[in-house]
Amino acid sequence: MESPENLHGPAVGVGQDATPTTVDVDTAVFLLGAGVTTLTHPLLYVKLLIQVGHEPLPPTVGTTMFGRRVLYLPGFFSYAQHIVKVDGKRGLLRGLSPRIVSSAISTVVRSKVKQQVDVLFKNGEQQNSLRKVVKETSHEMIIQCLSRVATHPFHVMSVRCMAQFVGREVKYGGMLSCMVKIFKEEGVAGFYVGLIPHVLGEVLFLWCCNLLAHFINTYAVDESLSQASAVRSYTKFVMGTGCRTSSSVTRL
């Protein structure tokens with residue numbers, strides 16, 4: 001007859017193995033982020049070309065809902081078809097590899113920094129206190145700034161690879177050659193061009209989202225509502241999603 005230890009041993013082992021580790025969570029986050037980055041890259045590629053003023057297609061004549069004749073600039077699909085016509089389907093993925101590497105580094109940095117910074121913040125304040133919001137936002141700001149500093153060189157490489165489409169340049173090929181050329185011509189500073197406005201924009205948006213969520217939950221949500229706690233949680237979720245979406249888009 002088997003001892004109680006043997007009978008219960010496998011069950012304990014299964015429970016321990018079923019618990020996800022930090023590495024497993026980070027891997028899942030990276031794979032999900034890489035998939036989303038790949039799917040949305042053509043959209044952000046077209047967005048960048050429009051932002052730099054590249055207009056390879058003539059505007060089309062259309063009418064408004066009031067019957068007025070106006071000129072419309074080409075939309076995303078027309079722009080994407082033009083890129084495919086010039087560079088083929090793989091052309092829509094120009095500059096993708098630096099963005100995927102940036103996503104991986106951001107996942108690792110955020111995970112490591114979060115573990116180190118968490119010990120500096122305690123949850124002794126009330127749920128909706130302004131002091132707690134300031135502490136949590138400061139926490140997020142530190143993580144976001146360090147993540148941006150670590151990933152900005154890949155942002156620069158990605159943008160320069162995509163911008164080559166405008167002048168049909170071939171200066172920056174793969175990620176390695178891009179890295180070497182930037183370092184030779186501009187040094188380390190070349191990898192951090194535009195870092196300060198990028199960080200300031202993300203930090204400002206982060207504080208605005210978190211403070212807005214706090215004021216909505218404090219002054220707009222009535223305590224007499226039976227679902228007040230659920231509404232507050234939903235507000236924080238929506239604002240947090242907006243901040244993360246903005247951060248992801250600005251990593252273009």
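**Reading a predicted chain**

Visitor: How many salt bridges does a search of the whole structure find?

Guide: The search finds six. A salt bridge here is a side-chain nitrogen of Lys or Arg within 4 Å of a carboxyl oxygen of Asp or Glu. This is a predicted model, in which local features need pLDDT of at least 70 and side-chain atom pairs count only at pLDDT 80 or more, while totals for chains, interfaces and linings use all residues. Residues are numbered from 1 along each chain as its sequence is written, and side-chain values use heavy atoms, with hydrogens and water left out.

Visitor: What does the chain average in pLDDT?

Guide: pLDDT is the predictor's confidence in each residue, on a scale from 0 to 100. The chain averages 77, and 71% of its residues score at least 70. Residues 7–16 stay under 50, and the model gives this stretch one contact beyond four places in sequence. Contact means heavy atoms within 4.5 Å. Residues 248–252 are also below 50 in pLDDT, but that stretch has 24 contacts beyond near neighbours in sequence.

Visitor: How many helices and strands are there in the chain?

Guide: Both are read as DSSP runs numbered from the N terminus: helices are H or I with at least four residues, strands are E with at least two. This chain has eight helices and two strands. Starting at the N terminus, the order is α-α-β-β-α-α-α-α-α-α.

Visitor: Which salt bridge partner does Arg160 have?

Guide: The side chain of Arg160 meets that of Glu186, with 2.6 Å from N to O. Arg160 belongs to helix α5 and Glu186 to helix α6, so this pair ties together parts 26 residues apart in sequence.

Visitor: Are these two partners buried or exposed?

Guide: Buried means under 20% relative accessible area, exposed means over 50%, and partly exposed lies in between (1.4 Å probe, protein chains only). Arg160 counts as buried because its relative accessibility is 19%, and Glu186 counts as partly exposed at 35%. Over the whole chain of 252 residues, 32% count as buried.

Visitor: Which residue does Glu185 meet in a salt bridge?

Guide: Glu185 meets Lys171, at 2.8 Å from N to O. Glu185 lies in helix α6 and Lys171 in the loop between α5 and α6, so the pair ties together parts 14 residues apart in sequence. Lys171 counts as partly exposed, at 32% relative accessibility. There is also a network: salt bridges with shared partners join Asp87, Arg94 and Arg168. Within it, the side chains of Arg94 and Asp87 meet at 2.7 Å, N to O.

Visitor: Where does α5 bend?

Guide: The bend at a residue is the angle between two axes, one fitted to the seven residues ending there and one to the seven starting there. In α5 the bend is about 45° at Thr151, and a proline, Pro153, follows within four residues. Just after α5, Arg168 takes a positive phi of about 55°.

Visitor: Which residues does Thr137 touch?

Guide: Thr137 is in helix α5, residues 130–167. Leaving out residues up to four places away in sequence, Thr137 touches Leu206, Trp207 and Asn210. Thr137 counts as buried because its relative accessibility is 0%.

Visitor: Which residues is His82 in contact with?

Guide: His82 sits in helix α3, residues 76–87. Apart from neighbours within four places in sequence, His82 is in contact with Pro56, Leu57 and Phe165. His82 is buried, at 18% relative accessibility.

Visitor: Which residues make the nonpolar surface patch?

Guide: Patches take residues with over 30% relative accessible area and no salt bridge; like charges are joined within 9 Å, and nonpolar side chains (Val, Leu, Ile, Met, Phe, Trp, Tyr) within 5 Å. Accessible areas come from the Shrake-Rupley method with a 1.4 Å probe, and for residues only the protein chains shown count as cover. Here Val149, Phe183, Val188 and Tyr192 make a patch of about 350 Å². Val188 lies in the loop between α6 (175–186) and α7 (195–220), and Val188 counts as exposed because its relative accessibility is 52%. The chain as a whole exposes about 15,800 Å², of which carbon and sulfur atoms supply 66%.
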